[in-house]
Amino acid sequence: MAYDSNNVFAKILRGEIPCKKVYEDEFALAFHDIAPDAPVHVLVVPKIDCVSFDDFSQIASAEFMKEFFSSVQKVAKELGLQENGYRIITNHGPDASQTVHHFHVHILGGKNLGRLLP
Ligand code: 5GP
């Protein structure tokens, strides 16, 4: 799938749509999910045009990947999730039900999340 710069996260990154921001650096923007699936549900979005993890892993430099995942860890820490735990999820493609086609990592926490799939 080709990257479409009209996707909702690209618009959020450009400031065209508001978000409840929790963290930003030169590699990533993190904000609360509009329809949370857990008491804490934050999305971390890299500042690079890529459709999904699969795309990101081929496009992004090793340095960018390192910095991006470091940002994910910083966000989880700043959200106070380190001690009790959290889950990170990223969906690639239709079988994973990906709905927004700009790579993003979900951080979920704030309660015991149970097993991976219901
Ligand atoms: P996916 O299904 O692609 O892994 O996750 C997309 C996520 O983006 C969903 O959890 C959905 O609730 C969230 N989302 C969709 N549109 C918006 C929006 O405009 N603002 C925010 N903050 N989250 C959104």
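The legends below describe close-up views of the ligand site and the pockets of a predicted model. In this predicted model, local features require pLDDT of at least 70 and side-chain atom pairs count only at pLDDT 80 or more, while totals for chains, interfaces and linings use all residues. Residues are numbered from 1 along each chain as its sequence is written, and side-chain values use heavy atoms, with hydrogens and water left out.

**View 1. The shell of residues around the ligand.** The ligand is surrounded by 16 residues, and the closest are His 32, Asp 33, Asn 91, Thr 99 and His 106; a residue is near a molecule if one of its heavy atoms lies within 4 Å of it. The shell contains eight nonpolar, seven polar and one charged residues. Here Ala, Val, Leu, Ile, Met, Phe, Trp, Tyr, Cys and Pro count as nonpolar, Asp, Glu, Lys and Arg as charged, and the others, Gly among them, as polar. Helix H1 (8-13) and strand E2 (28-32) each supply at least two shell residues, and H1 gives the most, with three. Helices (H or I, at least four residues) and strands (E, at least two) are DSSP runs, numbered from the N terminus.

View 2. A polar side-chain atom of Asn 91 lies 2.8 Å from an oxygen atom of the ligand. For His 104, a polar side-chain atom lies 3.0 Å from a ligand oxygen atom. Val 100 instead places a backbone N or O atom 3.0 Å from an oxygen atom of the ligand. Of the 520 Å² of accessible area that the ligand has on its own, the protein covers 82% (Shrake-Rupley method, 1.4 Å probe).

**View 3. The second largest pocket, in which the ligand sits.** A molecule sits in a pocket if more than half of its atoms lie within 2 Å of the grid points of that pocket. A pocket is an open set of points on a 1 Å grid over the protein atoms alone, where a 1.4 Å probe fits, with protein on both sides within 12 Å along at least five of seven lines; lining residues have an atom within 4 Å of a point. This pocket holds about 230 Å³ of space. Of its 13 lining residues, Ile 12, Phe 31, His 32, Asp 33 and Ile 34 lie nearest its centre. The lining divides into ten nonpolar, one polar and two charged residues.

**View 4. The largest pocket.** About 260 Å³ of space lies in the largest pocket. Its lining includes Asp 37, Arg 87, Lys 111 and Arg 115. By class, the lining has seven nonpolar, no polar and four charged residues.

Terms used:
A polar contact is a pair of N or O atoms within 3.5 Å; within protein, one must be able to donate a hydrogen and the other to accept it, and residues adjacent in sequence count only if both atoms are side-chain atoms. Grid points are joined across faces, edges and corners, and a volume is the space filled by probe spheres set on the points.
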